[in-house]
Amino acid sequence: MNIATRIKRKAEVKDRARNESWEVSRCRVVGCGNPARASTDDGLDRLFCRSHAEQYSRHGSPYRKSYTATQVRPYRAAAVAWLTANKDDPWVRNSIDRVKGIYSSAGSHVEAFRLRGLSPEERADAAWARLRKAGVDPLKVVAMALAVEMIIRDDPQADHKAEFKQVQAAKLVHRLASGTHKRWGEGAASTELHVYPRSRGRVLRHIGEAALEVCELVVDHHAPSLPRGPFVVIGAGEQ
């Protein structure tokens with residue numbers, strides 16, 4: 001898209017945003033009194049204000065934020081322990097093999113600072129390639145997805161929409177090998193580079209969808225035997 005096209009497109013968006021409608025006058029989140037973006041000159045979102053639209057992008061829900069590390073930790077540990085104890089189960093083996101398949105089909109490794117210009121699907125593949133290069137055990141990936149299934153099952157106020165679950169799984173998987181780290185030289189003259197991809201948007205949906213799919217048969221066949229308690233979910237806050 002050239003500069004002239006961008007300017008024209010920006011002007012069109014502003015013109016459409018100025019056409020206010022009572023149907024989009026307020027954000028749809030209960031208790032939020034801010035105007036929806038479509039009733040301002042800030043965008044065309046007819047449902048949410050800027051703040052809740054950003055939350056939706058980062059957390060997968062405009063109503064609930066991501067679970068904290070403290071909330072997820074016992075579920076993650078329980079998932080790893082359960083998978084290790086049942087590593088010979090055919091559905092567990094199947095899920096691990098499916099992660100290996102994702103690793104194999106992810107393509108070549110792409111440094112985190114070379115992601116600009118890639119589509120969300122390509123960025124998701126790059127994330128899986130980073131996990132492969134880092135030698136992350138596929139069992140850990142399955143455990144992250146299983147932990148999300150378990151915490152949402154136990155949370156009485158969980159957002160049960162698929163998108164929220166996908167983003168929660170993606171955030172955990174993403175952290176297993178999230179960035180690129182380089183070092184040149186030695187001692188005081190050394191130079192370090194640490195680059196982390198942005199954890200938001202459609203790329204999280206692609207990563208989370210793939211992660212949840214690998215453990216779906218485990219959940220289908222072993223849901224009653226998956227660990228429960230003594231876990232307590234006390235609200236949800238941004239990680």
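A cavity, on a 1 Å grid over the protein atoms alone, is a set of points where a 1.4 Å probe fits but cannot get out, and its lining residues are those with an atom within 4 Å of a point. A volume is the space filled by probe spheres set on the points, which are joined across faces, edges and corners.

What I am showing is a predicted model, in which local features need pLDDT of at least 70 and side-chain atom pairs count only at pLDDT 80 or more, while totals for chains, interfaces and linings use all residues. Residues are numbered from 1 along each chain as its sequence is written, and side-chain values use heavy atoms, with hydrogens and water left out.

With that settled, the structure holds 1 cavity of 30 Å³ or more, and the volume of the largest cavity is about 40 Å³. Around it stand Ala127, Trp128, Arg130, Leu131, Val173, His174, Ala177 and Ile207. Helices here are DSSP runs (H or I, at least four residues), numbered from the N terminus. Helix H5 (120–133) and helix H7 (162–175) each supply at least two of the lining residues, and H5 gives the most, with 4 residues. By class, the lining has 6 nonpolar, 1 polar and 1 charged residues, where Ala, Val, Leu, Ile, Met, Phe, Trp, Tyr, Cys and Pro count as nonpolar, Asp, Glu, Lys and Arg as charged, and the others, Gly among them, as polar.

Let us turn to how these two helices pack against others. Axes are lines fitted to C-alpha atoms, for helices over the stretch in contact, and angles run from 0 to 180 degrees between N-to-C directions. Helix H4 (residues 90–105) packs with H5 at an angle of about 110°, their axes being 8 Å apart, which makes H4 roughly perpendicular to H5 (the word covers 65 to 115 degrees). In this contact (heavy atoms within 4.5 Å), Ile102, Tyr103 and Ser104 of H4 meet Trp128, Leu131 and Arg132 of H5.

H7, in turn, packs with helix H8 (residues 202–214) at about 90°, with the axes 7 Å apart, so H7 is roughly perpendicular to H8. The residues that meet include Val173 and His174 in H7 and Ile207 in H8, and by class this contact has 8 nonpolar, 3 polar and 4 charged residues.

Finally, a search of the whole structure finds 7 salt bridges, each a side-chain nitrogen of Lys or Arg within 4 Å of a carboxyl oxygen of Asp or Glu. One of them joins Asp155 to Arg64, with the closest N and O atoms 3.5 Å apart. This pair links distant parts of the chain, 91 residues apart.

Conventions. On a 1 Å grid over the protein atoms alone, a cavity is a set of points where a 1.4 Å probe fits but cannot get out, and a pocket is an open set with protein on both sides within 12 Å along at least five of seven lines; lining residues have an atom within 4 Å of a point. Angles under 35 degrees count as roughly parallel, over 145 as roughly antiparallel, 65 to 115 as roughly perpendicular and the rest as oblique.
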